[in-house]
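Here is a short walk for your viewer, one selection at a time.

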Amino acid sequence: MTTAGRQIWRWSRTSGTQPRVLLAGKAAVAAVAAWLVARYMPGVAADYPYYAPLGAVVAMQSTLLSSIRSGVQTLAGIAIGIVIAGITMWLGDPGFVAVGIAVGIGVLIGGFRILGEGGSWAPTAAVLVLLVGGSHAEGFSFGYVLQMAVGVAIGLVVNFAVFPPLHFWDAERRISETNDVLAEHLEDLADALRSDTPEPERWVARQQRLDREMADVRERLGAAEESKRANPRAIRGRNRRRLVADAARFRALERAAWYTTDLTEIVGRSGPVSGQFGQVSPQYADRLAAAVRAVAAVVRGDGADALDHEAVQAIGVVESAMDAGDRNRPSEVTLTSAATVALRGIVESERRATA
């Protein structure tokens with residue numbers, strides 16, 4: 001593969017294009033298959049074949065578990081809508097009063113969390129039965145729910161049989177990217193310790209960025225965890241080990257981010273950089289900045305042994321300076337000591353990530 005080909009391949013994965021194209025292709029195959037099968041359904045159901053492809057599309061989700069959940073919830077919502085329509089038809093012909101009551105009840109019941117995506121189908125199905133089914137509501141209801149069920153079943157089969165999705169690659173990429181953001185955050189903290197200009201507002205924004213990154217990677221890992229459920233590809237030893245390793249890496253990253261947040265609060269938002277909560281003397285500030293930069297190198301270097309040793313030594317230098325410092329100014333020692341505790345926590349988190 002040429003360099004340009006490799007770049008296109010990598011872009012297709014990082015942008016989400018590759019899994020989306022695969023999902024689109026499977027949805028198209030499932031819809032066509034559902035349409036072909038729907039025309040051979042018994043009785044009145046054959047008069048409504050167009051609902052089968054709709055069911056196939058509903059069931060074609062990014063993970064097998066979400067496909068099952070979406071399909072079951074949709075069918076449950078449709079069944080509830082049919083029941084609602086049947087009750088409101090007792091009022092007589094489906095006029096504006098019956099439609100209004102059906103929609104109101106459908107939206108109310110559809111708000112139950114257990115229905116999930118199927119909640120919106122309850123009022124939709126009720127309206128379709130009243131207005132499209134009309135005097136043939138029973139036949140329409142039977143054909144509607146049967147064809148949707150056929151489409152859902154075909155969609156599930158296709159999603160299960162054709163490269164059932166595993167999203168660990170996306171989770172791994174986001175973990176690595178967030179790890180770089182964390183390292184950059186620490187490097188900026190080290191520079192700020194050597195600066196005389198307090199910028200507390202800047203650190204509020206930087207911390208918010210780190211929080212967003214962590215929330216996003218947590219969501220991606222959740223998708224990866226869900227994608228392995230009911231997935232035959234997750235049984236393979238290599239894939240199972242990757243998913244376990246990704247979860248361990250994220251837990252270590254989460255701990256490191258927690259300690260970094262603590263360090264940011266101490267140093268950037270309320271500590272020596274902001275000038276609002278005590279000051280670190282130059283003898284501590286320079287050594288602390290060196291220690292923060294060494295820890296950032298550990299984070300960026302994925303816990304290499306040499307970098308890990310250098311970071312521990314740099315933290316030890318700060319602690320030795322505090323031991324030999326002025327005992328008449330305990331606030332300086334307390335502030336710096338809290339920062340070194342956070343730094344040691346980050347180093348330990350990185351050790352666990354590589355264990």
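The tour below moves from aromatic rings to a helix pair and then to salt bridges.

This is a predicted model, in which local features need pLDDT of at least 70, side-chain atom pairs count only at pLDDT 80 or more, and totals for chains, interfaces and linings use all residues. Residues are numbered from 1 along each chain as its sequence is written, and side-chain values use heavy atoms, with hydrogens and water left out.

**Stop 1: aromatic rings**

Select Y48 and F140. Their rings form an edge-to-face pair, 5.1 Å centre to centre with 90° between the planes. (Rings of Phe, Tyr and Trp, the last by its six-membered ring, pair if their centres lie within 6.5 Å; planes under 30 degrees apart are stacked, over 60 edge-to-face, and the rest tilted.) Y48 sits in the loop between α2 (17–38) and α3 (51–59), while F140 belongs to helix α7 (residues 137–161), so the pair ties together parts 92 residues apart in sequence. (Helices, H or I of at least four residues, and strands, E of at least two, are DSSP runs numbered from the N terminus.) Both Y48 and F140 are buried. (Buried means under 20% relative accessible area, exposed over 50%, and partly exposed in between, with a 1.4 Å probe and protein chains only.)

**Stop 2: two helices**

Next, show α7 with helix α4 (residues 64–88): they pack at about 180°, with axes 10 Å apart. (Axes are lines fitted to C-alpha atoms, for helices over the stretch in contact, and angles run from 0 to 180 degrees between N-to-C directions.)

Among the residues that meet here are L75 and I78 in α4 and M148 and V152 in α7. (Contact means heavy atoms within 4.5 Å.)

**Stop 3: salt bridges**

Select E213 and R174, a salt bridge whose closest N and O atoms are 2.8 Å apart. (This needs a side-chain nitrogen of Lys or Arg within 4 Å of a carboxyl oxygen of Asp or Glu.) E213 is in helix α9 (residues 200–227) and R174 in helix α8 (residues 168–193), 39 residues apart. E213 is buried at 18% relative accessible area, and R174 is buried at 7%.

Finish at R300 and E187, another salt bridge, at 3.1 Å between the closest N and O atoms. R300 is partly exposed at 39%, and E187 is partly exposed at 22%.
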